[in-house]
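Open the model in a viewer and set up a selection panel.

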Amino acid sequence: MRHAFSPSALGRTMAGRGREYFPGVLIAALAALAAQFVAEHHGAPAMLMALLFGMALSFLGESGPTAAGVGFAARTILRFGVAVLGARISVEMLTILGWEMIGLLIVGVVATIAFGVLFARFIGQGPRFAILTAGAVAICGASAAMAIAAVLPKDERSERNLLFTVLGVTVLSTAAMILYPILTRALDFDDVTAGAFIGATVHDVAQVVGAGFSVSETAGETSTMVKLIRVALLAPVVVLITLCWRRARAEPGEKRPPIVPSFVLGFLLLATLNSLGLIPAGVGGFLAQLSSWALLTAIAAVGMKTDMRNILKVGGGAIALIVAETLFLAGLVLGGISFLGLAP
């Protein structure tokens, strides 16, 4: 009698899944490729372009041969991209940056999320949406939004809220990329302080690099390092959100996420290996590129799964929330820089 789960049966199952997912994943990857092309040749944010291209192809995520693959990209490839992001993090960054600045970054993340939850309650927005937007603003923009959305319990508004958050943080991050260097000059910050402010406040990594290096090379290097420290806070924040939701927010009958999601474990494992110097520079560079492509593909797929008409239903309160969180973080970091004596 043959075993029901023989290797050949497993192989056929995996091949079948591969054939089922391939068309949708291919479409999402092509949208990501087009977004990267536009970003490199015209200076537009790649995440925003992937999102817009995905939304233009939203009919492909509803039904038909591409729907399963689009769903796979928006779910599984998203988690994979966040996990591989850990290869960019190392403990060495912490020692170079200094504990005062690290403390300010931690306070900024915690305070921004707390502010978002409180302000959302004041203007009538739900706690899931507040955590999603505040976490994206406080940590690393679209990447954080997708990681946090992966552990929050799902409802009929989940995909709409994620798409709005990605769109919102990308637009605000692009505006900050233009305005924050002007602000640092007006405040007469030196290059290191300007880089620290930009890295601590601009949402997405690409815009941090653009804003920092528009000031100077020193500011660019400093802003990138500060930003990667914020990225390193993604894993503990996701774990804390998961734990808090399991204890306080889970509704009766609602499926609870695991205490430590597998993609967070992958993030921490790669960060540990990188800190120990076990990831060669070439491999680390490859993994960073792989993460970027995975996240671009995932956000294009999220766009394909969401109807633009639902995005328009979020209302003025949602816009006010994400703008308020952005301004709160900027004000907090400016105050912290002044309090710590980092400003000239």
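**Stop 1: aromatic pairs**

Select Tyr180 to begin: its relative accessibility is 11%, so Tyr180 counts as buried (buried means under 20% relative accessible area, exposed over 50%, partly exposed in between, with a 1.4 Å probe and protein chains only). This is a predicted model, in which local features need pLDDT of at least 70 and side-chain atom pairs count only at pLDDT 80 or more, while totals for chains, interfaces and linings use all residues. Residues are numbered from 1 along each chain as its sequence is written, and side-chain values use heavy atoms, with hydrogens and water left out.

The structure holds seven aromatic pairs (rings of Phe, Tyr and Trp, the last by its six-membered ring, pair if their centres lie within 6.5 Å; planes under 30 degrees apart count as stacked, over 60 as edge-to-face and the rest as tilted).

Phe197 is buried, at a relative accessible area of 1%.

Next, select Phe115, Phe119, Phe122 and Phe328, which ring pairs link into a cluster.

**Stop 2: the cavity**

How many cavities of 30 Å³ or more does a search of the whole structure find? It finds one (a cavity is a set of points on a 1 Å grid over the protein atoms alone where a 1.4 Å probe fits but cannot get out; lining residues have an atom within 4 Å of a point). The largest cavity holds about 40 Å³ of space, a volume being the space filled by probe spheres set on the points.

Select its lining: Leu104, Leu105, Gly108, Val109, Ala138, Ala200, Arg230, Leu329 and Val333. Helices α5 (99-123) and α16 (315-339) each supply at least two of the lining residues, and α5 gives the most, with four.

**Stop 3**

Select Ile139, which touches residues including Val109, His203, Arg230 and Leu234, not counting residues up to four places away in sequence (contact means heavy atoms within 4.5 Å).

Key. On a 1 Å grid over the protein atoms alone, a cavity is a set of points where a 1.4 Å probe fits but cannot get out, and a pocket is an open set with protein on both sides within 12 Å along at least five of seven lines; lining residues have an atom within 4 Å of a point.
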